[in-house]
Amino acid sequence: MEQGSIYSIAVIGLGASGGFVSILLSKNPYMKVVGFDIQPPFSTLLPTGGGRCNISYDENDLREFVKNYPRGEKFLLSVFSIAGKTKIIELFNDLGIKTYVQSDKRIFPKTNSSKMTVEKLSSHLKSDNFIFKREKVIKISKDDGKYVLKTDKQIYKFDVVIVATGGHSNGYELAKQMGHKIIPLKPSLCALDIKEKNFYKLSGLTFNNVEITTKLQRKNIKLTGDILFAHKFITGPCIFKLSSVTAYEEITNENPLKFNLKLINLSKEEIEADIKNNSKKSIKKFFSKYVPESYITEILHLYKTEGTKQIAQMTKNEKELLINSLISLNLNATGRIKNSEIVTAGGVDLDEINSKTMESKLHKGLYFIGEVLNIDGYTGGFNLQNCWSGAFVCSKHLFN
Ligand SMILES: Cc1cc2nc3c(=O)[nH]c(=O)nc-3n(C[C@H](O)[C@H](O)[C@H](O)COP(=O)(O)OP(=O)(O)OC[C@H]3O[C@@H](n4cnc5c(N)ncnc54)[C@H](O)[C@@H]3O)c2cc1C
């Protein structure tokens, strides 16, 4: 940035990343920021974290942190080394949003309220250097060194354009207009349908710290987290992870995704030893100490096993089936539940973006931040962290 010059900056999209970069930039008197959106700033934050806004995740080891992004891991290592979780929490504090770390390491605002977080963040946009235009940007082009934006209402010219349009938007079209490559878009973090419909009878049942294993292109994948059986699908953070790592796989009735669930943290040998010490107990009573009774009832029904029978009377086959139902349950995902996705995999190709500045390598003065990029993470605050950090890195570069 040349000393003394006033820069006109357009921010397209005022969700997490666009709203945040607008706050940071409008603190500089040399930046005149115009934010475009079809809804009020930060509206997209309202449903996040179940209405509590899961801002980030408390992991200090950057290499561990970036493992939570099936797409964008290497790029974010560079971004987060400039502004990672600690820097962002510091900035939130400065903006008057105090945070706390929950026992599962997820970070939330102390108010536990997305609405209050949105109000607080929006209050920082009431600056002389920021103008909000409730307009949809439909075209970007370049003319004589300036960026020309056509909206549904007017035409504008800017020195700098920041595209922060998130997933599910025409932001990809805008990127294409500027010659950027878009990695195919796929739903990620979705609930899954399974072939074994009997399990839907367990609707409402949650299992914590489950281990899911599957094979992907001959590679063994192991994921951990909670799962929830719902009325017509299976969901929860660990299922979201599974849907995320398999976002580019075809999953259909004909070509199901086979996966294995270890519902409890015990080995076969440990359960067998326990069985030996409890031979007089009924099957149902014995197995119900590990998992909710409704699960065992359904498993007994499925395997046509009499639950009142004593453990000692169990056949070898019954024993095998019951133990496996706890530590090696095979299920088949037959599809992703439509419109259940939380984020979009794919987007602007990271090879065309400078991870130290978020600037396009094709056009000086054009920036991309947030989910419009080919970056997506697991649930736990990782997707918002990408937005905050990208916004900071971009603003820092523009200040220099
Ligand atoms: C239900 C739900 C819960 C979630 N919870 C969490 C969570 O707790 N933690 C977490 O880390 N992540 C969460 N996510 C994901 C997270 O919200 C997104 O990754 C994040 O909001 C993406 O930010 P962004 O700035 O890239 O885009 P967005 O926040 O989606 O903002 C994009 C904005 O651009 C505007 N826009 C688009 N195109 C145009 C255009 N052409 N002209 C003008 N404006 C335009 C849109 O109206 C929108 O306001 C959740 C997502 C969902 C759906």
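Before I read off any domains, I note that domain bounds come from an automatic or database domain assignment. I also note that this is a predicted model.

**Entry 1: domains.** I looked up how the protein chain is divided. I found domain 1 (7–186 + 343–399) and domain 2 (192–336). I then checked the spacing: the C-alpha centres of domain 1 and domain 2 lie 39 Å apart.

**Entry 2: where the domains touch.** How many residues of domain 1 are in contact with domain 2? I got six, and they meet seven residues of domain 2. I sorted the domain 1 side by class. It has three nonpolar, one polar and two charged residues.

**Entry 3: the ligand.** I turned to the shell around the ligand. I found 36 residues there, and the closest are Gly13, Gly15, Asn54, Gly166 and Gly370. Which element gives the most? I found that α12 does, with four residues. By class, I noted 18 polar, 15 nonpolar and three charged residues in the shell around the ligand.

**Entry 4: helix α7.** Is this helix mostly covered or mostly open? I found helix α7, residues 237–245, mostly covered, with eight of its nine residues buried. I wrote down the buried ones: Pro237, Cys238, Ile239, Phe240, Lys241, Leu242, Ser243 and Ser244. Lys241 is one of the buried residues of α7, and I noted that Lys counts as charged.

Key. Residues are numbered from 1 along each chain as its sequence is written. This is a predicted model: local features need pLDDT of at least 70, side-chain atom pairs count only at pLDDT 80 or more; totals for chains, interfaces and linings use all residues. A residue is near a molecule or strand if its C-beta atom, placed from the backbone, lies within 6 Å of it. Helices (H or I, at least four residues) and strands (E, at least two) are DSSP runs, numbered from the N terminus. Two residues are in contact if their C-beta atoms, placed from the backbone, lie within 7 Å. A residue is buried if 20 or more other C-beta atoms lie within 10 Å of its own, exposed if 12 or fewer, and partly exposed in between; C-beta atoms are placed from the backbone.
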